[in-house]
Amino acid sequence: MNKKFALLLLLGCALAPLSQPQIKHIEMRVEGMT
Amino acid sequence: MKQHLGRQSGVQTVEVSLIDGKVQITPKEDGRIEPAQLLKATYDSGVSVAEMDLIARGKIVKDASGNLALQIGSNQSFAITPNDVSKTLEALVDSSSIVTLRGELYKKPPGKKKADPSVPLKLLVLEVLKKE
């Protein structure tokens with residue numbers, strides 16, 4: 001039982017950064033670049 | 001410009017395409033990135049920004065004046081410009097749902113050369129990519 005719980009906790013920790021609110025990507029169109 | 005942008009906090013990579021004038025910025029996984037700072041940094045390097053789009057994950061909330069906003073983390077949010085797509089987000093206000101959106105954060109006003117830094121950036125939602 002403890003082993004399963006530990007595995008679940010480990011999986012949760014691994015996936016947590018993926019589910020955080022954040023800016024994933026930014027794209028700009030610029031002018032005057034040489 | 002690439003080096004200048006790469007030094008901004010939260011930025012992982014910067015890809016510049018000279019052919020079509022596109023700049024792709026990938027934020028760090030755990031970093032907070034500030035789009036207004038990126039706009040300023042771009043102008044400071046002598047280039048003007050015509051448009052800025054982003055893809056972001058966050059919660060839909062209502063701000064103090066009752067307008068929709070995308071809350072990204074505890075201290076970053078963008079007011080949402082009302083349009084047909086944003087109407088579909090009304091139902092998610094203050095729910096635990098997290099949405100992934102593609103939107104336009106800045107477009108250069110016609111005739112203006114430079115963005116006014118005192119005007120806060122507003123998010124025009126172009127597409128809802130995911131609801132979780």
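**View 1. Strand pairing across the two chains.** Strand β1 (residues 22-31) of chain A runs antiparallel to β2(B), joined over 4 bridges. Pairing requires at least two DSSP bridges between the strands. Strands (E, at least two residues) and helices (H or I, at least four) are DSSP runs, numbered from the N terminus. M28(A) sits opposite V23(B) in β2(B). The model is predicted: local features need pLDDT of at least 70 and side-chain atom pairs pLDDT 80 or more, while totals for chains, interfaces and linings use all residues. Residues are numbered from 1 along each chain as its sequence is written, and chains are lettered from A in the order in which they are written.

**View 2. The contact between chains A and B.** Chain B contributes 32 residues and chain A 14 residues. Contact means C-beta atoms, placed from the backbone, within 7 Å. On the side of chain B that touches chain A, β2 (22-27), α2 (35-44) and β3 (48-62) each supply at least two residues. β3(B) gives the most, with 12 residues. By class, this side of chain B has 17 nonpolar, 8 polar and 7 charged residues. Nonpolar covers Ala, Val, Leu, Ile, Met, Phe, Trp, Tyr, Cys and Pro; charged covers Asp, Glu, Lys and Arg; the others, Gly among them, are polar.

**View 3. The largest nonpolar core.** This core has 30 residues, and I26(A), I25(B), M52(B), L70(B) and I80(B) have the most contacts inside it. A core joins buried Ala, Val, Leu, Ile, Met, Phe, Trp, Tyr and Cys residues through C-beta atoms within 7 Å. Buried means 20 or more other C-beta atoms within 10 Å of the residue's own. β3(B) supplies the largest share of the core, 5 residues.

**View 4. Surroundings of I80(B).** Beyond neighbours within four places in sequence, I80(B) contacts N67(B), L68(B), A69(B), L70(B), S86(B), L123(B) and V125(B).

Terms used
Contact = placed C-beta atoms within 7 Å. Buried ≥ 20, exposed ≤ 12 C-beta atoms within 10 Å, placed from the backbone.
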